Every structure is written in C-alpha cells, then in structure tokens.
Amino acid sequence: MNKLFYPALFHIAEEGSFKVLFPDIPECLAQGNDLTQAYETAVEALGLAAAIYDRQRRPLPAGSDPRTIIPERDTFLVVIEFDILAYKKRTNSRAVKKTLSIPQWMNEAAMAMDVNFSQVLQEALLAKIQAQ
C-alpha cells in the first residue's frame, strides 16, 4: 500500500499561523504561516517520520478513524494523504549497482538495439512496484 491517510489537528495560533499535530504519530509535528504551508509541511513531516520508522524497522501506526477525533477550540481536523512511493522517489534517488544475468541471445539482441539496460530494469521494477 503506497498511500496512507492520517488525521491531523490544525491548531490556529494567535498570529494566524498553524501548528499541526498527528494524534497517531505524536513525534510528528509541523507548522506553517498559512494553511497551504502548514499542509505541505505536514506532508513532509509525515515523510520524515516514515523514514525514521523505516530505519528503526518499526511499522508506522495505523491512522485513526477521523470520526473518532474531536478537535479542541481553535483546532480543526484535516486528513493528510501521504504517498510513500512518491516521497521515496523524491528524497532517495541514489543509484545502487546490481548484477544480473540474462540469456546471451537476449543480451546480443538488446545490445544491437542500443537498449539502456538500467533504464529498462528501472521502468520494469517501477511498474511492478506500482501494481502492488
């Protein structure tokens, strides 16, 4: 599953800025000078939290049902959509070398066509990942 949905509480500060809290991931915090910036930083904060959980080999907590969360005064609920695959593509595009084996006839035919093996493998893997 590549997309996650987390309820976030947007608290309106006195000066009109926003502080964002995630009830399911208490260590995940964000803020913004306006609603757009607060939403964008909330998505980035979720990405950072997901990366930390991944590094620590801990599963991300499931998102709560937004209907069960009652916002306090000067606070409203927004469900944040987070695409794990898009975040990883945007933040971790470091290439790694892989060794693979293919039949000789396939190699010769592909070489004759000037096929970029890395590109073909990346495209095939991405299609496979997105199909899941």
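Me: Is F18 buried or exposed, and what is its relative accessible area?
Reply: This is a predicted model, in which local features need pLDDT of at least 70 and side-chain atom pairs count only at pLDDT 80 or more, while totals for chains, interfaces and linings use all residues. Residues are numbered from 1 along each chain as its sequence is written, and side-chain values use heavy atoms, with hydrogens and water left out. Buried means under 20% relative accessible area, exposed means over 50%, and partly exposed lies in between, with a 1.4 Å probe and protein chains only. F18 is therefore buried, its relative accessible area being 11%.

Me: How many aromatic pairs does the count come to?
Reply: Rings of Phe, Tyr and Trp (its six-membered ring) pair if their centres lie within 6.5 Å, and planes under 30 degrees apart count as stacked, over 60 as edge-to-face and the rest as tilted. By this rule the number of aromatic pairs is three.

Me: What angle lies between the planes of F10 and F18?
Reply: A pair of aromatic rings is described by the distance of the centres and the angle of the planes. For F10 and F18, both of which are buried, the centre-to-centre distance is 6.5 Å. The pair is edge-to-face, and the angle between its planes is 65°.

Me: Why is the pair of F18 and F76 edge-to-face?
Reply: The ring centres of F18 and F76 lie 6.0 Å apart. The pair links distant parts of the chain, with F18 in strand β2 (residues 18-21) and F76 in strand β4 (residues 75-83), 58 residues apart; strands here are DSSP runs of E with at least two residues, helices are runs of H or I with at least four, and both are numbered from the N terminus. F76 counts as partly exposed, with a relative accessibility of 27%. The pair is edge-to-face because its planes stand at 85°.

Me: Which residues do ring pairs link into a cluster?
Reply: F18 pairs with F10 in an edge-to-face arrangement, and the rings of F18 and F76 also form an edge-to-face pair. The cluster linked by these ring pairs consists of F10, F18 and F76.

Me: Over the ring of which residue does the charged end of R58 sit?
Reply: A charge sits over a ring if NZ of Lys or CZ of Arg is within 6 Å of the ring centre and within 35 degrees of the ring normal. The charged end of R58 lies 4.1 Å from the centre of such a ring, and that ring belongs to Y53.

Me: Which helix gives the most to the lining of the largest pocket?
Reply: On a 1 Å grid over the protein atoms alone, a cavity is a set of points where a 1.4 Å probe fits but cannot get out, whereas a pocket is an open set with protein on both sides within 12 Å along at least five of seven lines, and lining residues have an atom within 4 Å of a point. The largest pocket is lined by 35 residues, with R94, V96, Q122, L125 and I129 nearest its centre. At least two lining residues come from each of α1, α2, α3 (104-112) and α4 (117-131). The most, eight residues, is given by α4.

Me: Which residues is S17 in contact with, leaving aside its neighbours within four places in sequence?
Reply: S17 lies in the loop between β1 and β2 and is buried, with a relative accessible area of 11%. Contact means heavy atoms within 4.5 Å. Leaving aside neighbours within four places in sequence, the contacts of S17 are H11, I12, G32 and N33.

Me: What value is phi of R57 near?
Reply: Most residues other than glycine have a negative phi. R57, in the loop between α1 and β4, is exposed, with a relative accessible area of 76%. Its phi is positive, near 55°.

Me: What value is phi of D74 near?
Reply: D74 is also placed in the loop between α1 and β4, and at 42% relative accessibility D74 counts as partly exposed. The phi of D74 is a positive value in a residue other than glycine, near 60°.
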